[in-house]
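Subject: Structure handover

Hi,

Here is the structure we talked about. Please load it, then read the notes below.

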Amino acid sequence: KRVVVKIGSSSLTGGPDFSINPRNIDRIVDAVHARIARGSDVIIVSSGSIAAGLAPLGLSARPADLATKQAAASVGQVHLAQEWGRSFARYDTTVGQVLLTASDTGQRDRARNAQRTLNRLQQLGVVPIVNENDTVATTEMRFGDNDRLAALVAHLISADALVLLSDVDGLYDRNPADPGARFIPEIRDDHDLDGVIAGDSGVVGTGGMASKVSGGMASKVSAARLAACGGVPVLLASAADISGALSDAHVGTAFHPANGRRLSAWKFWALYAAEVAGTLRIDAGAVTAVTSGGRSLLPIGIQSCEGEFHPGDIVEIMG
């Protein structure tokens, strides 16, 4: 019923100047409209604001410094929103732009406000176009990529599915260009990711494909696992296969929800999105009581406190 669709930068741009390709946008919108016509609500998480700003600014490559990236995003967000609006107008559909920062999802009142805005847009028949607000996000306060943003939005609005689209047709155990690469159609738990080797991001995007290096998971797989851990099924597929992805989902790699049950929006927010206001360091007895005894944390078990926090704030508990 409610689907979040994330589109990567490389699926929206074309040509040597990385400008937004209207044909790519139209093809995506055609598939999204077909899904909406079948009774679904669709929220689009769109990358591409920085890439869309390169050509108007006369830049030939993605900038390395933060200020120029933010300037490109400022220009690109206008062009990107115009293209989404133009394309959906072919179906007499209005779009609304929603720009979020990590702080917007990390603070409960702002996260709830974003949730209300997205819900109201859909009640009004508007397709929300969500993007990270790159013009004000800093290196310390970012989602890191729009894959994670899409996973957080999926939980924020209680989506029934998350579709992550890029220029790769699914998950492979190594670089898809390798002749020996094996396609992985389904991920039911972390054991199915054993042996998956790192990939790299493209020229324009910041996400990158699957990786399992030094215990870390890169962008798309990490976001898919994040959503699946909270109970949202995920499809990782190519934007070229968007019609199949949004119809019977016979394409791509499917990530099954963990344990078949869904975390509440509040628990998911507390675990994966909330800003931490402080730290409690506890003794060994308190660790046992909290982690295996199912007990509450009592003051006597707290050895020290760091930070300034108040009722309702999220804190880390360290053994």
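First, a convention: helices (H or I, at least four residues) and strands (E, at least two) are DSSP runs, numbered from the N terminus. The model is predicted: local features need pLDDT of at least 70, side-chain atom pairs count only at pLDDT 80 or more, and totals for chains, interfaces and linings use all residues. Residues are numbered from 1 along each chain as its sequence is written, and side-chain values use heavy atoms, with hydrogens and water left out.

Glu83

Glu83 sits in helix 3 (residues 66-89). Glu83 is buried, at a relative accessible area of 19%. The cut-offs are these: buried is under 20% relative accessible area, exposed is over 50%, and partly exposed is in between (1.4 Å probe, protein chains only). Contact means heavy atoms within 4.5 Å. Setting aside neighbours within four places in sequence, Glu83 contacts Ile20, Pro22 and Ile25.

Whole chain

The chain has 10 helices and 17 strands. Of its 319 residues, 45% are buried. Take the contacts in the chain with a separation of 6 or more: residues 24 or more positions apart account for 69% of them.

Strand 7

Is strand 7 buried or exposed? Five of its six residues are buried, so strand 7 is largely enclosed by the rest of the structure. Two strands count as paired if DSSP finds at least two bridges between them. Strand 1 (residues 2-7) runs parallel to strand 7, joined by five bridges. Val4 stands opposite Leu162 there. Strand 13 is also parallel to strand 7, again with five bridges. Leu164 has Leu236 of strand 13 as its bridge partner.

Second largest pocket

Strand 7 matters here too: with three residues, strand 7 gives the most to the lining of the second largest pocket. The terms come from a 1 Å grid over the protein atoms alone: a pocket is an open set of points where a 1.4 Å probe fits, with protein on both sides within 12 Å along at least five of seven lines, and lining residues have an atom within 4 Å of a point. The volume of this pocket is about 170 Å³. Of the 14 lining residues, Ala161, Val163, Leu235, Ala245 and Ala249 are the closest to the centre. Strand 7 (161-166), strand 13 (234-238) and strand 14 (253-255) each supply at least two residues of the lining. By type, the lining divides into 11 nonpolar, two polar and one charged.

Sheet 16-15-17

Three strands make an open sheet in the order 16-15-17, with mixed pairing. Strand 16 and strand 17 (314-318) are at the edges with a single partner strand each, so one side of each has no neighbour in the sheet. The twist averages 20° from one strand to the next. Strand 15 (residues 276-282) and strand 16 run antiparallel, with five bridges between them. Gly278 stands opposite Gly307 in strand 16.

Leu297

Where is Leu297 found? It is in the loop between helix 10 (284-291) and strand 16 (302-307). Leu297 is partly exposed, with a relative accessible area of 27%. Not counting residues up to four places away in sequence, Leu297 touches Leu280, Ile282, Ala286, Val290, Ile302 and Ile317. Leu297 and Ile282 are 15 residues apart in sequence, and their C-alpha atoms are 8.9 Å apart in space.

Best regards

Definitions and conventions: Points joined across faces, edges and corners; volume = space filled by probe spheres on them. Nonpolar A, V, L, I, M, F, W, Y, C, P; charged D, E, K, R; others polar. Axes fitted to C-alpha atoms, helices over the stretch in contact; angles between N-to-C directions.
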